[in-house]
Amino acid sequence: MANSVPYSILDISPIPQGFSAGDALRNSLELAQHAERWGYKRYWVAEHHNMTGNASSAPAVLIGYIASGTTHIRLGSGGVMLPNHAPLVIAEQFGTLACLYPGRIELGLGRAPGTDQMTARALRRDLQGSDDRFPQDVMELQHYFGPTQEGQAVKAIPGAGTEVPIWILGSSLYGAQLAAHLGLPYAFASHFAPEQLLEAMTIYRNQFKPSTQLAKPYCAFLMNVVAAQTDEEAIYQFTTLQQHVIRMRRNTRGQLPPPIENLDVFCDPHEKATTANALQCSAVGSLETVRARMQHWLDLTGADEIVMTGQIYDHQARLQSFEIAAEAAQGLHYQSSV
């Protein structure tokens, strides 16, 4: 059953040190073009704001750019942070994309701001009760994407009737419960918050209610993947992400740093340990090592799909990593009894 497990990419358009946002965005397009050839099912971009190391602040614009340079890979958000936006605006943006690229666009939604509180205020959305409105905002989006009803005063044009598929993304049990209640596919952000992954998957499956979009549960988990010709090379490249996470915890974030030979010189043992815990859902190594780690997490979760993300300083090394990762994923099998 080779290639029986769908595999996809989440991209935050990382900006390496010494490069520009334009470089990062062009790198994202090139990666998506390769991913299409390597058999990846979908390519998601994530919304972040006021982060000097990320160029993915405008998912709809970036998706349109990538769609124009690809032919069939599914494209979407992983995710749009809905509290930052009026649902009608998102319906119009993704409805426009769905009209331009029919059958290829999907919309992943999260309820975090994707930034700090000061920047969240600058986004000019009411911060009071935004999380509480998340379920209502999701249902409002579903309404806009559905057929226009008689007497409907507010319509998404473009958007109405496009039935853009919606995913719920989360890093806690809340998203799992909401996705199950609404009968929507669910993706867990275990690439940076793995602690509740298994519990969330169980809750999602047990509480799932079929919907017009989805007849049975469909869940994915996200994992960091750094693949190279040897384990040693991959471990070296992985120090870029480790440094990046440590700098975020120190509140000294910046552009994506180059890899280093010895992480112990960069951080103390406590920082290294907490980072290892946050990044435990990772596959780092050669082809066989990465395949084994993917299979391990697939067996643990019983997930329907793997979504990979990889923050690697050198663009060519990043391309090679996702190529090796695709080969590894093609050798996976559903073996879990979950």
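## Burial and overall form

Of the 338 residues in the protein chain, 55% are buried (under 20% relative accessible area, with a 1.4 Å probe and protein chains only). This is a predicted model, in which local features need pLDDT of at least 70, side-chain atom pairs count only at pLDDT 80 or more, and totals for chains, interfaces and linings use all residues. Residues are numbered from 1 along each chain as its sequence is written, and side-chain values use heavy atoms, leaving out hydrogens and water.

The protein chain has 11 helices and nine strands, which are DSSP runs numbered from the N terminus (helices H or I, at least four residues; strands E, at least two). Along the principal axes, its C-alpha atoms fill a box of roughly 65 × 45 × 40 Å.

## Helices α8 and α9

Helix α8 (residues 231-249) packs against helix α9 (residues 269-278) at an angle of about 110 degrees, and their axes are 10 Å apart. The axes are lines fitted to C-alpha atoms over the stretch in contact, with angles from 0 to 180 degrees between N-to-C directions. The two helices α8 and α9 are therefore roughly perpendicular (65 to 115 degrees).

On the α8 side, the contact is made by Q242, V245, I246 and R249; on the α9 side, by E271, T274, T275 and A278. Contact means heavy atoms within 4.5 Å.

## Residue H191

H191 sits in the loop between β6 (186-188) and α7 (197-207). Its relative accessibility is 13%, so H191 counts as buried. Leaving aside residues up to four places away in sequence, H191 touches L10, L222, M223, N224, A278, L279, C281 and T309.

Terms used: Angles under 35 degrees count as roughly parallel, over 145 as roughly antiparallel, 65 to 115 as roughly perpendicular and the rest as oblique. Buried means under 20% relative accessible area, exposed over 50%, partly exposed in between (1.4 Å probe, protein chains only).
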